[in-house]
Amino acid sequence: QVQLVESGGGLVQAGGSLRLSCAAAGSIFNAMGWYRQAPGKQRELVAAITSGGRTNAADSVKGRFTISRDNDKNTVALQMNSLKPEDTAVYYCAAGATVQAMGAPPFGSWGQGTQVTVSS
C-alpha cells in the first residue's frame with residue numbers, strides 16, 4: 001500500500017519559516033512535490049522535483065521556497081522562508097511518475113495534507 005506521510009505544518013508569523021517533510025512508503029516515485037489549497041480556491045502546484053533533481057516552482061514562491069529530496073530515504077521537503085499570509089493553505093504532498101502525473105490515478109498518490117497558517 002502506497003502512503004505519503006507529511007509533517008511540519010503549523011502556525012507562524014509573517015516573515016517566518018517552516019519546513020514541510022513528506023515520506024513515501026510502498027513505492028518509489030520519479031516526481032514528488034507539493035500542492036496547496038486555500039479556502040475557496042483551487043488546489044495549485046507549489047513546487048515539484050524529479051529523482052534527477054529537476055525542479056519547478058510557482059512564480060508566487062520562487063526565491064522564498066526551496067524543494068529538495070532524498071532519493072535514498074524516499075522523502076521530499078519544502079523549506080518555506082519569508083512566509084506571507086497568502087501562503088496560508090493546506091499543503092499536500094503528491095507523487096507520480098511525472099510532475100504532470102503527480103496525484104493522478106492510477107499510479108499517483110496524495111498525502112493527507114498539513115495546515116500552514118501565516119499570521120500578519
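These legends walk through several close-up views of a predicted model.

**View 1. The disulfide joins Cys22 and Cys93.** A search of the whole structure turns up 1 disulfide. Its two sulfur atoms, from Cys22 and Cys93, are 2.1 Å apart. The torsion about this S-S bond is about -80 degrees, so the disulfide is left-handed. The bridge links distant parts of the chain, with Cys22 in strand β3 (residues 18-25) and Cys93 in strand β9 (residues 89-96), 71 residues apart. Both Cys22 and Cys93 are buried. As a reminder, a disulfide is a covalent bond between the sulfur atoms of two cysteines.

**View 2. The largest nonpolar core holds 27 residues.** At least two core residues come from each of β3, β4 (31-37), β5 (44-50), β7 (65-70), β8 (75-80), β9 and β11 (114-119).

**View 3. Tyr35, Tyr92 and Trp110 form a cluster through ring pairs.** The count of aromatic pairs comes to 2. In one of them, the ring centres of Tyr35 and Trp110 are 5.1 Å apart and the planes meet at 65 degrees, so the pair is edge-to-face. This pair links distant parts of the chain: Tyr35 belongs to strand β4 and Trp110 to strand β10, 75 residues apart. Tyr35 is buried, with a relative accessible area of 16%, while Trp110 is partly exposed at 33%. Tyr92 and Trp110 also form an edge-to-face pair, with 6.4 Å from centre to centre and 85 degrees between the planes. Here strand β9 provides Tyr92 and strand β10 provides Trp110, 18 residues apart. Tyr92 counts as buried, at 16% relative accessibility.

**View 4. Arg43 sits over the ring of Tyr92 and over the face of Trp110.** This view returns to the aromatic cluster, now with an arginine in the picture. The charged end of Arg43 is 3.9 Å from the centre of the Tyr92 ring. For Trp110, the distance from Arg43 to the ring centre is 4.5 Å.

**View 5. Ala38 touches Thr88 and Ala89.** Look for Ala38 in the loop between β4 and β5. Ala38 is buried, with a relative accessible area of 18%. Although Ala38 and Ala89 are 51 residues apart along the chain, their C-alpha atoms are separated by 4.2 Å.

**View 6. Thr50 is a buried residue in strand β5.** The relative accessible area of Thr50 is 16%. Leaving aside neighbours within four places in sequence, Thr50 is in contact with Asn30, Ala31, Arg69 and Val99.

**View 7. Loops hold a cis peptide bond and two residues with positive phi.** The peptide bond from Pro105 to Pro106 is cis, with omega near 0 degrees. Pro106 is placed in the loop between β9 and β10 (109-110). Asn74, in the loop between β7 and β8, is not a glycine, yet has a positive phi near 60 degrees. Asn74 is buried, at a relative accessible area of 9%. Ser82 also has a positive phi, about 50 degrees, without being a glycine. This serine, Ser82, lies in the loop between β8 and β9 and is partly exposed at 39% relative accessibility.

Terms used: Residues are numbered from 1 along each chain as its sequence is written. This is a predicted model: local features need pLDDT of at least 70, side-chain atom pairs count only at pLDDT 80 or more; totals for chains, interfaces and linings use all residues. Side-chain values use heavy atoms; hydrogens and water are left out. A disulfide is a pair of cysteine sulfur atoms within 2.5 Å. Helices (H or I, at least four residues) and strands (E, at least two) are DSSP runs, numbered from the N terminus. Buried means under 20% relative accessible area, exposed over 50%, partly exposed in between (1.4 Å probe, protein chains only). A nonpolar core is a set of buried Ala, Val, Leu, Ile, Met, Phe, Trp, Tyr and Cys residues joined through side-chain atoms within 4.5 Å. Contact means heavy atoms within 4.5 Å. Rings of Phe, Tyr and Trp (its six-membered ring) pair if their centres lie within 6.5 Å; planes under 30 degrees apart count as stacked, over 60 as edge-to-face and the rest as tilted. A charge sits over a ring if NZ of Lys or CZ of Arg is within 6 Å of the ring centre and within 35 degrees of the ring normal.
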